Amino acid sequence: FKGGDTCEYLLSSGRFLGEKVWQPHSCMMHKYKNSEAKNCLIEKHIVFIGDSRIRQLFYSFIKLINPQVKEEGNKHGNIPFEDKSASIKVDFLWYPEVNSSMRQRIKSWTEGSVAKPHIIVAGAATWSIKIHNGSNEALAQYKINITSIAPLLEKLAKSSDVYWVLQDPVYEDMLSESRKMITNEKIDAYNEAAVRILNSSSRNSKAKVKVFSVSKLIAQETIVKSADGLHLPESSRDTNAMILMNVYCNKIMKPIDGSCCQPQPPLTLIQKLAFCFFTLSIIGYLIINLIHRNNYRKNKPCTDLEGGEEKKPAISTPNVSTLEMLLHSFCKLGLIMTYFYLCDRANLFMKENKFYTHSSFFIPIVYILVLGVFYTENTKETKVLNREQTDEWKGWMQLVILIYHISGASTFLPVYMHIRVLVAAYLFQTGYGHFSYFWIKGDFGVYRVCQVLFRLNFLVVVLCIVMDRPYQFYYFVPLVTVWFMIIYATLAMWPQIVQKKTNGNCLWHFGLLLKLICLLTCIYFLSYSQGAFEKIFSFWPLSKCFELNGNVYEWWFRWKLDRYVVFHGMLFAFIYLALQKHQMISEGKGDPLFSNRVSNVLLFISVVSFLTYSVWASRCKNKTECNELHPSVSVVQILAFILIRNIPGYVRSVYSSFFAWFGKISLELFICQYHIWLAADTKGILVLIPGYPMFNVLVSTFIFVCVAHEISQITNDLAQIVVPKDNSTLLKRLLCIAGFFSGLLVFSAMQDQSRH
């Protein structure tokens, strides 16, 4: 990939995704809202100067500021527009020919006494072709006139943004008799002349008139829908206006999903320190490795030439030290983080917008389901939600979520609602798994807590540092972390009620149920008291973790969306373990979970419930209303799936090793996709191989999965070192971690101060 200026690509090349979505070459285009357009153009003066085609572009542009504007007024005269609330002034000046009149108007802006417009959009040619009946003399005069205007435009380009709009092709079959002389051949000749003259005049000048040639490409696809064969349909000119807005505003507003025309963000202090740390780790590991290799060569067995026997060295090769393992892990992690940075922070690789079609979502889903069924094996145990089964469940859910993200399926509400259930199912497993562990083991030690917190948060903390993103940006990890701490606090606080204690006295079950009722009450209160919730998480330093864009609303919204499902998971674990203890369920290989009659009834109810939820989700019309109901009803489909998966003995006895493999690295897959599979913080798609979408997805997916697997191994290795079982050593490590985060807070405060 050659690289280059994304502004050049935005103005000159691209393609349609579907019928209306324009995809610039190599970068992503942001769709500006009215409020964003006003914020960008506040106190700006924009001038459109040219013919009726430029007038069309003028109207599309001002509708981005005020959609209520109607196309009224003198078509062959000047049209003013002003937005007083933002002090924005946009004028259309009627100059249908490139002649002395246009030159005089442009010259007036170069004189010191007149205020220069901040943006100038100019273009004209079709009137010259029409009035002079397409004569060669008119083309020659056009060249002379544009040659005289070019230096003036260059002078303006030193302080303003100047765009010359090339002429769009026409649909000759639809042209009226009075316009038949406007042919595509003539238009091409005029465009070639304009490009040659404007480019030649800017060779010796730093300021450059930007040639707006992308409109030609858009028109080639859409001019057949024109009402008169000359003027573009509304959707096409709206696309041109949005391109203009992106060219000017992206560098000012810096939208996440608008990578076109955005400069590479400067390295922060924390990023520079991280770079130094990883560099030193790589150097340290290489030095230790060289020393070990040198020692190995010295102690290498040598062959006795006379006897033909090997002489064994006196010193055996030492085992891998903790320091070497630590440096090796950080060495690999440093290389991986470099790849992350290059993919989603450096302007090295291309990024493209997502575009949803039903086939782009459902065909990959069918494909992975077939693969999953193909890799079917027997489970080691046949308990409900055994380890292989939960890994399988996490695996296929994660693959579906990945396909959902890369295909942009969030725009299709029924798919969105089903994906919400999958996210809820992850949290259900969090409640089920952690409750089961604490209930059965009764282990509330610091080691267990630190192990879980380290495995959940290690990758995200590193990414927050390297990618300069807040902790809340990776919302799922804060969610499972907080819920783990809530589960731990609920069960660990006095009185600690575990299975061993209830074996002696059944009344302890009621004590546990009382705890769960108190938890449910707290959840209910916080979900309907946004103020109380925000006060809790707005205290420093908690606010540093849970704020996004200066407030904790996003965190409240994410927490509220699945507020009951962890409780449901805990309650299900309690009921299941109670039934298991009293031998009310049969978990033998091939045996149904209950008696045949009860199993059949429950299976029927589960299938009906599962389908009922799907029908309801498919009929959802409003995302806000459906999100309000989701916390209460998502458990229906989750429980239905668990029963369908576990009641029949044969189904419970097998699992998909394909899905289970992905399930073991599901957390890493979910987090890594943000930067090395998707792009622009999940808003777009990473393009490693331009021009070959399917091949690009295959290559980027292969790298993405390998990286996620490698990070999973690194996390496991570091967890053994950073979180040891020995309590005194663990305490020292915790003090070091506390010092690290204190330093991080100090550097973060310094960064914030320098930004302000």
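Because the model is predicted, local features need pLDDT of at least 70 and side-chain atom pairs count only at pLDDT 80 or more, while totals for chains, interfaces and linings use all residues; side-chain values use heavy atoms, with hydrogens and water left out.

**Stop 1: the disulfides**

Show the cysteines. The structure holds 4 disulfides, each being a pair of cysteine sulfur atoms within 2.5 Å. Counting bonded cysteines along the chain, the pattern is 1-6, 2-5, 3-4, 7-8.

Select Cys 7 and Cys 261, whose sulfur atoms lie 1.9 Å apart in a disulfide. Cys 7 sits in helix H1 (residues 6-12) and Cys 261 in the loop between H9 and H10, so this pair ties together parts 254 residues apart in sequence. Helices here are DSSP runs of H or I with at least four residues, numbered from the N terminus. Cys 7 has a relative accessible area of 15% and is buried; Cys 261, at 7%, is buried as well. Buried means under 20% relative accessible area, exposed over 50%, and partly exposed in between, with a 1.4 Å probe and protein chains only.

Next, pick Cys 40 and Cys 249, joined with an S to S distance of 2.0 Å. Cys 40 belongs to helix H2 (residues 34-41) and Cys 249 to helix H9, 209 residues apart. Their link is left-handed, with -95° about the S-S bond, and both cysteines are buried.

Then go to Cys 620 and Cys 626, where the sulfur atoms of the disulfide are 1.9 Å apart. Look along the S-S bond: the angle is -125°, again left-handed. Cys 620 is buried at 9%, and Cys 626 is buried at 5%.

**Stop 2**

Select Cys 736, which is in no disulfide; the nearest cysteine sulfur, that of Cys 450, is 13 Å away. Cys 736 is exposed at 54%. Over at Cys 506, the relative accessible area is 48%, which makes this residue partly exposed.

**Stop 3: Thr 268**

Finally, move to the loop between helix H9 (234-253) and helix H10 (269-298), and select Thr 268. Is Thr 268 buried or exposed? At 9% relative accessibility, Thr 268 counts as buried.

Now display its surroundings. Leaving out residues up to four places away in sequence, Thr 268 touches Asp 468, Gln 751 and Arg 755, where contact means heavy atoms within 4.5 Å.

Note on methods: Residues are numbered from 1 along each chain as its sequence is written. Helices (H or I, at least four residues) and strands (E, at least two) are DSSP runs, numbered from the N terminus.
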